[in-house]
Amino acid sequence: MTSAIELYLRDFSRFQDVTAAMERAVTARLTESFIAVHAVQSRTKEPDSAAGKFARLDEAGVPIFTDPLHEVTDLVGVRVITYLTSDIDRVEQALTSTFEVRQRVDKTSVTQSAGTFGYAGTHLILRADDELDFEVQIRTVLQHAWAEIEHGIRYKGSRTTSSAPIDRAFTLAAGLIELADAQFAEVDTLHKNDLAHARATEEIEIGTLQEVLTTALPDINPARANAYEWLVTLLAANGITVREDLDEFLASAHVEAVIAAMDYKFAPTHVRLVDDLLLARFGDDHIERTAGMASDRDREPKLRYRLGRLTKE
């Protein structure tokens with residue numbers, strides 16, 4: 001009868017192919033979710049390591065695994081290394097919305113519940129296909145450094161007995177890393193609050209306006225540089241003077257509906273489209289506020305014609 005390790009050796013290249021595919025799939029999912037991480041790594045468990053795991057016995061001397069190729073869930077492994085602890089949750093949410101979750105272990109919570117310091121991170125067992133599960137480890141850069149050093153000394157080194165000084169040093173390092181991760185999270189929160197405040201109070205200038213419109217309306221042609229100064233004036237006339245107000249206005253604007261209603265003969269620029277978005281939002285008020293601001297004496301009748309198209313009058 002062919003043993004499990006012989007079957008694993010025979011199919012090792014397939015497991016390697018699955019590993020590469022899962023690394024690509026995880027990376028793609030994080031990219032789609034706009035989650036920036038330090039690294040995505042993967043590995044296929046080496047045959048020597050797999051053989052040792054396949055042969056494990058319980059306390060009664062009975063083999064733990066009866067079908068190792070399906071019961072051992074870390075033959076294919078992917079590791080996601082994040083910058084912040086908050087990113088761990090974001091990565092987990094992105095992956096669990098894509099793959100079937102077979103098991104989840106929050107190593108950080110387990111350690112904290114025990115009142116100790118040590119290994120931290122989140123482990124997920126996900127289903128890759130109808131038969132094969134794979135493991136994803138998610139941890140911060142600092143947690144990863146601790147785990148790699150600890151594993152290299154305690155498990156891959158030549159030590160056969162425990163060492164109280166080494167154990168104490170690892171415990172102290174784990175505590176400092178937990179504190180450092182917490183401080184990095186606090187720095188990130190403070191930074192985001194500062195950005196939000198700056199965004200809320202930043203007055204709209206030409207450079208800001210071009211940046212915002214390029215991001216919010218990527219398929220619309222930019223206007224001539226001097227036309228954006230005119231648009232700043234139009235926005236201000238309608239009380240849109242800071243970036244937060246502009247962001248909210250664009251987020252709530254019915255861009256596709258306005259484009260469809262106007263049925264432009266030529267592709268509109270940022271300035272023309274936003275003028276029409278203001279017209280769609282404020283109607284007659286926009287006409288009254290801005291009709292006399294342009295050198296074009298026909299602006300008012302033109303705006304009323306355009307408003308008629310928008311309202312189907």
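Modeller: The conversation below goes from the sheet to its helices and then to some individual residues.
This is a predicted model, in which local features need pLDDT of at least 70 and side-chain atom pairs count only at pLDDT 80 or more, while totals for chains, interfaces and linings use all residues. Residues are numbered from 1 along each chain as its sequence is written, and side-chain values use heavy atoms, with hydrogens and water left out.

Biologist: In what order do the five strands of the open sheet come?

Modeller: The order is 1-2-5-4-3, with mixed pairing. Strands are DSSP runs of E with at least two residues, helices are runs of H or I with at least four, and both are numbered from the N terminus. Two strands pair if DSSP finds at least two bridges between them.

Biologist: Which strands stand at the edges?

Modeller: Strand 1 (39–44) and strand 3 (100–106) do; each has a single partner strand, so one side of each lacks a neighbour in the sheet. On average, neighbouring strands of this sheet are turned by 20° against each other, direction ignored. For such angles, axes are lines fitted to C-alpha atoms, for helices over the stretch in contact, and angles between N-to-C directions run from 0 to 180 degrees.

Biologist: And strand 5, what does it pair with?

Modeller: Strand 2 (residues 76–82) runs parallel to strand 5 and is joined to it by six bridges. Strand 4 (residues 122–127) is also joined to strand 5 by six bridges, but antiparallel.

Biologist: Is strand 5 buried or exposed?

Modeller: Eight of the eight residues of strand 5 (residues 133–140) are buried, so the strand is largely enclosed by the rest of the structure. Buried means under 20% relative accessible area, exposed over 50%, and partly exposed in between, with a 1.4 Å probe and protein chains only. Asp133, Glu135, Gln137 and Arg139 point one way, whereas Phe134, Val136, Ile138 and Thr140 point the other way.

Biologist: Which helices pack on this sheet?

Modeller: Helix 2 (residues 12–32) lies across strand 1, strand 2 and strand 5, at about 165° to strand 1. Helix 7 (residues 141–154) touches strand 1, strand 2 and strand 5, and its direction makes about 110° with that of strand 5. Contact here means heavy atoms within 4.5 Å.

Biologist: Changing topic, what does the side chain of Arg127 make a polar contact with?

Modeller: Its partner is the side chain of Asp133, at 2.3 Å. A polar contact is a pair of N or O atoms within 3.5 Å; within protein, one must be able to donate a hydrogen and the other to accept it, and residues adjacent in sequence count only if both atoms are side-chain atoms. Arg127 is in strand 4 and counts as buried at 17% relative accessibility.

Biologist: What else does Arg127 touch?

Modeller: Residues up to four places away in sequence aside, Arg127 touches Phe99, Glu100, Arg102, Leu132, Asp133 and Phe134.

Biologist: Finally, at what angle do helix 12 and helix 13 cross?

Modeller: The axes of helix 12 (residues 255–262) and helix 13 (residues 270–282) come within 10 Å and cross at roughly 100°. The two helices are therefore roughly perpendicular, a term for angles of 65 to 115 degrees. Val255, Val258, Ile259 and Met262 in helix 12 meet Arg272, Leu273, Asp276, Leu277 and Ala280 in helix 13.

Notes: Angles under 35 degrees count as roughly parallel, over 145 as roughly antiparallel, 65 to 115 as roughly perpendicular and the rest as oblique.
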